[in-house]
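Here are my notes for you to read with the model open beside them. Take the points in order and find each residue as you go.

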Amino acid sequence: MKRIVAIQHPQSQHHVNGMVGSWTDWPLTELGLAQAEAIGQKLAAALQGQDAVLYCSDLLRAQQTAEQIGRRLQLTPILRKELRERNLGRCCGKSVQWLRENMEQPEKTIDDRLFSYGESRRDTWNRLQPFFTEIMASSQQTILVVSHGDLLGLFHAMFLGLEAENLNGYRFSGPAGGVSHLAVEPDGAKIVWRLNDLSYLSGDTGAFRP
């Protein structure tokens, strides 16, 4: 059985300073670092004894999350640009208020770009898809992926077998620090065991043993 654990990075500076995340390279807050440590500790218990590989976005907040997790699981994060958050173009480095006041194109479909030189959700889907295909075809049975909210929403849609066009009517969204456990049975059946589970930040998660 293939297991995929998808982790959205916890609290970042842009979550508290009113700025846009996207490709701006914000670090985790002190709380976010503690949350990443908690996620790593609980994943180490849940995945004890499993041979795993750890991929992460190359943006700082995801790297810091993966480093905390990797330290607990004795894994070295593998940086992949395909796992970056959606690029919002000239909005990067600006405030959320600026975004609202200067949006160039309302996002009504997956092909709309909010700002010049940015990515649409289809662009991000196309960027992610080769990585998704790669890990699904790999012989590795336990895979951890640390990324961002928008990106992981697309990842979950891909896992469920949806097409990009389905996202004109559906969206997957989760809170910072959410952990999802996905699995693929030997017969190809896909299972969602946990989706954006925040119990990894505090409390008992139990063991992931499908």
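1. Start with helix H2, residues 60-73: its 14 residues reach 20 Å from the first C-alpha to the last, close to the 20 Å expected at 1.5 Å a residue. (That expected span is 1.5 Å times one less than the number of residues.) Helices here are DSSP runs of H or I with at least four residues, strands are E runs with at least two, and both are numbered from the N terminus. Just after H2, look for Gln74, which takes a positive phi of about 60 degrees.

2. A word on the ground rules. This is a predicted model, in which local features need pLDDT of at least 70 and side-chain atom pairs count only at pLDDT 80 or more, while totals for chains, interfaces and linings use all residues. Residues are numbered from 1 along each chain as its sequence is written, and side-chain values use heavy atoms, with hydrogens and water left out.

3. Is H2 mostly covered or mostly uncovered? Mostly covered: 10 of its 14 residues are buried. "Buried" means under 20% relative accessible area, "exposed" over 50%, and "partly exposed" in between, using a 1.4 Å probe and protein chains only. The buried ones include Arg61, Gln63, Gln64 and Gln68, along with Ile69 and Leu73. Their cover includes helix H1 (30-46) and the strands E1 (2-8), E2 (52-56), E3 (78-79) and E4 (142-147).

4. Now the sheet. For landmarks, Arg3 has Ala183 in E5 as its bridge partner, Ile7 stands opposite Val146 in E4, and Ala52 stands opposite Thr142 in E4.

5. Stay with E4 for a moment, where 6 of 6 residues are buried. In a regular strand the side chains alternate between the two faces of the sheet. In E4, Thr142, Leu144 and Val146 point one way, Ile143, Val145 and Ser147 point the other way, and all are buried.

6. Val145 in E4 deserves a click. Its relative accessible area is 0%, so Val145 counts as buried. The C-alpha atoms of Val145 and Ala6 are separated by 4.8 Å, although these residues are 139 apart along the chain. Leaving aside neighbours within four places in sequence, the contacts of Val145 (heavy atoms within 4.5 Å) include Val5, Tyr55, Leu83, Phe131 and Leu152.

7. Which residues have the most contacts inside the largest nonpolar core? They are Leu128, Phe131, Ile135, Val145 and Phe155, in a core of 24 residues. H5 gives the most to this core, with 7 residues. Here a nonpolar core is a set of buried Ala, Val, Leu, Ile, Met, Phe, Trp, Tyr and Cys residues joined through side-chain atoms within 4.5 Å. Beyond neighbours within four places in sequence, Phe155 is in contact with residues including Ile4, Phe132 and Leu182. Apart from this core lies another, of 17 residues, among them Cys56, Ile69, Leu75 and Tyr200.

8. On to the rings: the structure holds 3 aromatic pairs. Rings of Phe, Tyr and Trp (its six-membered ring) pair if their centres lie within 6.5 Å; planes under 30 degrees apart are stacked, over 60 edge-to-face, and the rest tilted. Trp98 and Phe115 are stacked, at 5.5 Å centre to centre with 25 degrees between the planes. Trp98 is in helix H3 (residues 96-102) and Phe115 in the loop between H3 and H4, 17 residues apart. Phe115, at 2% relative accessibility, counts as buried. Phe132 and Phe155 are edge-to-face because their centres are 5.3 Å apart and their planes at 85 degrees. Phe132 lies in H4 and Phe155 in H5, so this pair ties together parts 23 residues apart in sequence.

9. Finally, look for charges over rings. The charged end of Arg84 sits over the ring of Trp23, 4.6 Å from its centre, and that of Lys94 sits over the ring of Trp98, 5.0 Å from its centre. To count, NZ of Lys or CZ of Arg must be within 6 Å of the ring centre and within 35 degrees of the ring normal.

Methods
Pairing = 2+ DSSP bridges.
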